[in-house]
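Subject: Structure handover, with notes

Hi there,

Here is the structure I promised to pass on to you. Have a look at it first, and then read on for my notes.

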Protein chains: 4
Amino acid sequence: MRILFIGDIIGRPGRDVVAAELPRLKDLLKPDFVVANGENAAGGFGVTRAIADDLFGAGVDCLTTGNHWADQREILTFIDDEDRILRPRNYPAGVPGKGAGFYETRSGQHVLVVNLMGRVFMDALDDPFAAAEHELGACPLGEAADAIIIDMHAEATSEKMAMGHFCDGRASAVIGTHSHIPTADAQVLPGGTAYLTDAGGCCDYDSVIGMDKYEPVQRFIRKMHGSRFTPAMGPATLCGAFVETNEKGLATRIDMIRVGGRLQQALPEL
Amino acid sequence: MRILFIGDIIGRPGRDVVAAELPRLKDLLKPDFVVANGENAAGGFGVTRAIADDLFGAGVDCLTTGNHWADQREILTFIDDEDRILRPRNYPAGVPGKGAGFYETRSGQHVLVVNLMGRVFMDALDDPFAAAEHELGACPLGEAADAIIIDMHAEATSEKMAMGHFCDGRASAVIGTHSHIPTADAQVLPGGTAYLTDAGGCCDYDSVIGMDKYEPVQRFIRKMHGSRFTPAMGPATLCGAFVETNEKGLATRIDMIRVGGRLQQALPEL
Amino acid sequence: MRILFIGDIIGRPGRDVVAAELPRLKDLLKPDFVVANGENAAGGFGVTRAIADDLFGAGVDCLTTGNHWADQREILTFIDDEDRILRPRNYPAGVPGKGAGFYETRSGQHVLVVNLMGRVFMDALDDPFAAAEHELGACPLGEAADAIIIDMHAEATSEKMAMGHFCDGRASAVIGTHSHIPTADAQVLPGGTAYLTDAGGCCDYDSVIGMDKYEPVQRFIRKMHGSRFTPAMGPATLCGAFVETNEKGLATRIDMIRVGGRLQQALPEL
Amino acid sequence: MRILFIGDIIGRPGRDVVAAELPRLKDLLKPDFVVANGENAAGGFGVTRAIADDLFGAGVDCLTTGNHWADQREILTFIDDEDRILRPRNYPAGVPGKGAGFYETRSGQHVLVVNLMGRVFMDALDDPFAAAEHELGACPLGEAADAIIIDMHAEATSEKMAMGHFCDGRASAVIGTHSHIPTADAQVLPGGTAYLTDAGGCCDYDSVIGMDKYEPVQRFIRKMHGSRFTPAMGPATLCGAFVETNEKGLATRIDMIRVGGRLQQALPEL
Ligand SMILES: [Fe+2]
Ligand SMILES: [Fe+2]
Ligand SMILES: [Fe+2]
Ligand SMILES: [Fe+2]
Ligand SMILES: [Fe+2]
Ligand SMILES: [Fe+2]
Ligand SMILES: [Fe+2]
Ligand SMILES: [Fe+2]
């Protein structure tokens, strides 16, 4: 099975690069399933109905999110009816939305996507490790699911890497999001789980993690707020990863993807 | 001018991969100057006299550090007499050691290295932006220095990237350390400064950021300390970056380097 | 019912003031039940078997703890057999010890003590609000328990006060610990729960929160570790609170207690 | 010399209790100088020109602030022309406003007020200890100033207490603000500096640190934002401290003050 994972899509430049490049990537990589993190798709903060529909139309099968999932309040009106959008699973009970989705691909294979959020240097949600344990126990890889993809939305590299090992052999891929910078540590862990600390943002990299650089730099210098953060508007790089799995659902490869914009380009050689 | 920058060297596996690979990298890349971050060289925590000497012997010209700089207390006995070892410059006045060094290469060129530490999600040192401003003002690139290399030891991708832009056009390179995971966002910023969010650790990547994975995973699961952290002892990947500068001291290229171990290998094509 | 609550006992001076003053307080206040926080009783870090026994011998009925509960590793050998010592209830499942205890007073009344830990500016344990909800639901005040006492061990005043309101009308008292400084905001909340943001430490207040002041001040100034923290050894103040409840288990009064040492003395007028 | 220090005034209830009680306190205590923290005076966030003028009219001589100093952007239009309003001194150079003020009382005595902000669990400003050192060195107590009052606006009890000892013998008083909860640890430190960890908020204490309790409690439970924070609108308690100094500027006493509202009342006995 072939899985394409796309990191945090940030504002219009992020959406534009996905719209422009995803068709080509689908031609090239022929993924059975496409996951993208949409928490910053709407002006850098959250996601709207219209933007989610555009991304689904462009070929995304499942949108994960993170700490910004509810920045656009309209999501509260549709998230409970929209199975293709996840918010981190380890929010407290009773919060709208859900943190795991079970999907069928065109060829009839079953994919479980779990969206988790880390707690180091972030708000203290429920335990993401306990949440992963629960999901992986309820839906064993190679039995109930042909592939299991975990979006580990977290700040600390240590927590992300610990989650990778925690799920190793039980998930197809653990891929981090949230830092908005792609990491270069793609590997298949010893137990067979594909791992990448961060997929990277889909954004203009002449920026501060996707945002127009002036205001963030000023805040660091002056410790005062000036204007709001807005996405940097130059050409964006689509960042992500490509994972291939075997009949047991374990990964046989993981490759980094960087297409467009300022960053050095990377594509899997098939 | 050619600069080789090596990320956090973690324990024996990190030192071993540097000892094994640095000679080959020097043959291949012919760097005029080699900087390496040594804060985790001694069993994962700090650096000793003997280890520093080994690293200098292997071809490192300057050792930067970070929050772990004084974990081995013996450093306090020699750091004031050792110009080749830096600790973050933005420690309070009166702390032993220094945060910037001015070096002459074999060919007679002058290199300023500045070691800074971020404050987001880290201990609150003095302002790293003010420290950078001071150093860059006192030693203008292309005038007093042929190259200026900044090791921005920090947790948050935003703070590192903001420092890149803050120094853009005034430093040859701003390269991050501390996350122990290489990022894939190497670029020359618009003003001519080479930038990479994190050089990555020199360590075994079947680990939690270089440390044996058992104890860190257990701490995330149980929220209790068991044993101490020790470096993971499998084969390490040397991670870093290669920068080339022009006669003004600005960067003409930056390339990621990953040699040895589990990660996908990367070397500049010259 | 009369309840005496004693804040974090810190090192020998803290134990000494409890040993010296608790008998007098028991004579004066005739408490039916005495809770004390013992997380710093052993040299400032954790609690040992011998120290716990001394405190029980001095008249403490239940020892709560907090983030330092396991600093003395020997506690792991006896906490599962010792019903009178609690650790925060919201540690992950499987951690030794328990977070709530159900006790019978000499006069046959039943007291539930729940030890919670906050998450703001602290390690991310499980949700303390969900834990409180579970305990209060399982053991309703005035039915299953004659009194319910919650030790909310937390850093942020906001989280403590929110817990007070969350439990208001369902617990006899929500009293904070951990800051080692007594607050002066004792009140009975509108629903009948006695509330105090922090009981304060039992320690020498010529100190930095109970610790010898030299090293903490140096760390703030130099951002380097020197020696270990050790308790300040001057005469300590016993800090705590006195709560009286009615037949429904709700509070009719709460008074601050400060006895001995440097702080202005306070005792309830009965 | 007699000094009255009033903690964070929060919204209309805070302003109302100051307006109602300050005249009586001035009659009773006859302070030579009145300091109040105004960072939350305008609806809980910042301070406006009109509100500052009302507070000065009510008898406040100097308004200190904290992390919320610039929440009302209009302050940027007048803070540089208004010597009676301070913002934390340890903001970076170039930020509007100033962090220390030198004032003359009606009887011709000179008072230095220094506003500092802590860094533990707060944004990383410049070093407050270095800032204190600078001010205390430039304006020695008993020589250049008859009294020196330090508002240490900080979260951590440890950092506040360390600042107390750091200034002990060199300032008349170090009084904390920001937690919005009065502490009960008023004492004259060994060197003669009056110390109180937190003056407490001037607010309705049927609240979460002065704010209407519904929304903060919901955020703790659900980890989602609902509405904005607004001040709790019940009767407020004025919280603060009274300090008396000798001819050297050192403190001879410090007393806690709590007047009005739900908290147990406290007034110095003169
Ligand atoms: Fe994001
Ligand atoms: Fe995020
Ligand atoms: Fe490191
Ligand atoms: Fe580090
Ligand atoms: Fe404690
Ligand atoms: Fe504690
Ligand atoms: Fe405040
Ligand atoms: Fe504040």
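Let me start with a question: leaving out residues up to four places away in sequence, which residues does Ile3(B) touch? The list is Phe33(B), Ala147(B), Ile149(B), Ala241(B), Phe242(B), Val243(B) and Thr245(B). Before I go further, please keep in mind that this is a predicted model.

Ile3(B) sits in strand β1 of chain B, which covers residues 2-6. With a relative accessible area of 2%, Ile3(B) is buried, the cut-off being under 20%. If you want a reference distance, take Gly191(B): its C-alpha is 18 Å from that of Ile3(B), and the two residues are 188 apart in sequence.

Apart from neighbours within four places in sequence, Ala147(C) has contacts with Met1(C), Ile3(C), His110(C), Val111(C), Leu112(C), Leu141(C) and Ser172(C). Along the chain, Ala147(C) and Gly249(C) are 102 residues apart, yet 4.9 Å separates their C-alpha atoms.

In chain A, helix α4 (residues 128-138) packs against helix α5 (residues 157-167) at an angle of about 25°, and the axes are 11 Å apart. Angles under 35 degrees count as roughly parallel, so that is how α4(A) and α5(A) are described. Their crossing is right-handed. On the α4(A) side, the contact is made by Pro128(A), Phe129(A), Ala132(A), Glu133(A) and Leu136(A). The α5(A) side supplies Glu159(A), Ala162(A), Met163(A), Phe166(A) and Cys167(A). Sorted by class, this contact has eight nonpolar residues, two charged ones and no polar ones.

For chain C, helix α4 (residues 128-138) and helix α5 (residues 157-167) have an angle of about 25° between them and axes 11 Å apart. That makes α4(C) and α5(C) roughly parallel. Here α4(C) passes α5(C) in a right-handed crossing. From α4(C), the residues Pro128(C), Phe129(C), Ala132(C), Glu133(C) and Leu136(C) meet Glu159(C), Ala162(C), Met163(C), Phe166(C) and Cys167(C) of α5(C). The division by class is eight nonpolar, no polar and two charged.

How does α5(C) pack with helix α6 of chain D (residues 214-222), and at what angle? The angle is about 95°, and the axes lie 9 Å apart. This makes α5(C) roughly perpendicular to α6(D). The residues that α5(C) brings to the contact are Ser158(C), Glu159(C), Ala162(C), His165(C) and Phe166(C). They meet Val217(D), Phe220(D) and Ile221(D) of α6(D). In terms of class, there are five nonpolar, two polar and one charged residues in the contact of α5(C) with α6(D).

**Cysteines**

How many disulfides does the structure hold over all chains? The count is zero. Take two of the cysteines as examples. For Cys239(A), the closest cysteine sulfur is in Cys202(A), 6.1 Å away, which is too far for a bond because a disulfide needs the sulfur atoms within 2.5 Å. Cys239(A) also counts as buried, at 0% relative accessibility. For Cys167(B), the closest cysteine sulfur is that of Cys139(B), at 13 Å, again too far for a bond. Cys167(B) is likewise buried, with a relative accessible area of 0%.

**Backbone points to check**

Most residues other than glycine have a negative phi. In chain C, though, His178(C) has a positive phi of about 100° and is not a glycine. You will find His178(C) in the loop between β7 (173-177) and β8 (187-188) of chain C. Its relative accessible area of 14% makes His178(C) buried.

Lys223(C) is another non-glycine residue with a positive phi, in this case near 60°. Lys223(C) lies in the loop between α6 (214-222) and β10 (238-245) of chain C. With a relative accessible area of 13%, Lys223(C) is buried.

Those are my notes; I look forward to hearing what you think.

Best wishes

Conventions:
Residues are numbered from 1 along each chain as its sequence is written. Chains are lettered from A and ligands numbered from 1 in the order in which they are written. This is a predicted model: local features need pLDDT of at least 70, side-chain atom pairs count only at pLDDT 80 or more; totals for chains, interfaces and linings use all residues. Side-chain values use heavy atoms; hydrogens and water are left out. Axes are lines fitted to C-alpha atoms, for helices over the stretch in contact, and angles run from 0 to 180 degrees between N-to-C directions. Helices (H or I, at least four residues) and strands (E, at least two) are DSSP runs, numbered from the N terminus. Angles under 35 degrees count as roughly parallel, over 145 as roughly antiparallel, 65 to 115 as roughly perpendicular and the rest as oblique. A crossing is left-handed if the near helix is turned anticlockwise from the far one by less than a right angle, and right-handed if clockwise. Contact means heavy atoms within 4.5 Å. Ala, Val, Leu, Ile, Met, Phe, Trp, Tyr, Cys and Pro count as nonpolar, Asp, Glu, Lys and Arg as charged, and the others, Gly among them, as polar. Buried means under 20% relative accessible area, exposed over 50%, partly exposed in between (1.4 Å probe, protein chains only).
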